[in-house]
Amino acid sequence: MDELQYGSVLCVKCSHSRRSAVCPRCGYTSCWVRLRWHGTAISIWHSADGKPLTYKDAGTILVKLNDEIEKNEFDPARYSKKVKNEKSVDALWDQFVTQKEKVWSPGTASNARSIRKAIEPLADLVDLATFSAQYCP
Ligand SMILES: [Zn+2]
């Protein structure tokens with residue numbers, strides 16, 4: 001893979017920058033793609049069909065991303081589940097707190113709003129459909 005202008009391929013296990021199919025540092029094979037785009041960190045961990053990325057897969061994605069950026073066709077939301085999820089978690093959390101405000105004390109509601117930033121990193125782990133059904137019916 002040639003040196004690309006945007007993004008990098010990293011090792012899933014040790015986050016070492018990868019230039020080969022097997023990580024020289026830890027021997028792991030799966031990769032992820034990291035890209036900073038207008039201040040947002042975009043991480044791609046899986047292929048479109050949900051499989052872990054091989055070095056080759058990650059390289060293919062990175063080439064495609066760079067190509068799209070060059071052509072001004074890049075849409076981060078299309079690649080990153082996290083970008084989409086962060087927005088939804090944001091909205092769901094807000095909805096959840098707004099509902100609870102009726103039963104919570106004002107201090108509790110205000111605290112709940114302020115921890116919203118803290119739950120954003122969980123966006124990848126949260127099944128939004130479940131969260132939504134359970135807390136924001
Ligand atoms: Zn490694």
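**Close-up views of the predicted model**

**View 1. Ser-15 sits in the loop that links β1 (8–11) to β2 (31–37).** Strands here are DSSP runs of E with at least two residues, helices are DSSP runs of H or I with at least four, and both are numbered from the N terminus. The coordinates come from a predicted model, in which local features need pLDDT of at least 70 and side-chain atom pairs count only at pLDDT 80 or more, while totals for chains, interfaces and linings use all residues. Residue numbers start from 1 along each chain as its sequence is written. Although Ser-15 is not a glycine, its phi is positive, near 60°. Ser-15 has 13 other C-beta atoms within 10 Å and is therefore partly exposed, on a scale where 20 or more such neighbours within 10 Å make a residue buried, 12 or fewer make it exposed, and C-beta atoms are placed from the backbone.

**View 2. Asn-72 occupies the loop between α1 (55–70) and α2 (76–79).** Its phi is also positive, about 60°, in a residue that is not a glycine. Asn-72 counts as exposed because it has 6 C-beta neighbours inside 10 Å.

**View 3. Three strands form an open sheet in the order β1-β2-β3, with antiparallel pairing.** Strands are taken as paired if DSSP finds at least two bridges between them; β1 is joined to β2 by 4 bridges, and β2 to β3 by 5. The edge strands are β1 and β3, each of which pairs on one side only. On average, neighbouring strands of this sheet are turned by 30° against each other, direction ignored, with axes fitted as lines to C-alpha atoms (for helices, over the stretch in contact) and angles running from 0 to 180 degrees between N-to-C directions. Arg-34 in β2 is the bridge partner of Ser-8, and Arg-34 also stands opposite Ser-43 in β3.

**View 4. The hairpin of β2 and β3 has 2 residues between its strands.** In this turn, His-38 has a positive phi of about 50°.

**View 5. Helix α1 lies across β1, β2 and β3, and runs at about 20° to β2.** Leaving aside residues up to four places away in sequence, Val-9 touches Arg-18, Cys-31, Val-33, Tyr-55, Ala-58, Gly-59 and Leu-62, a contact being a pair whose C-beta atoms, placed from the backbone, lie within 7 Å.

View 6. Where pLDDT is low, the predicted coordinates should not be read in detail. From the N terminus on, the elements of the protein chain run β-β-β-α-α-α-α-α-α, and of its 137 residues 15% count as buried.

Key:
Two residues are in contact if their C-beta atoms, placed from the backbone, lie within 7 Å.
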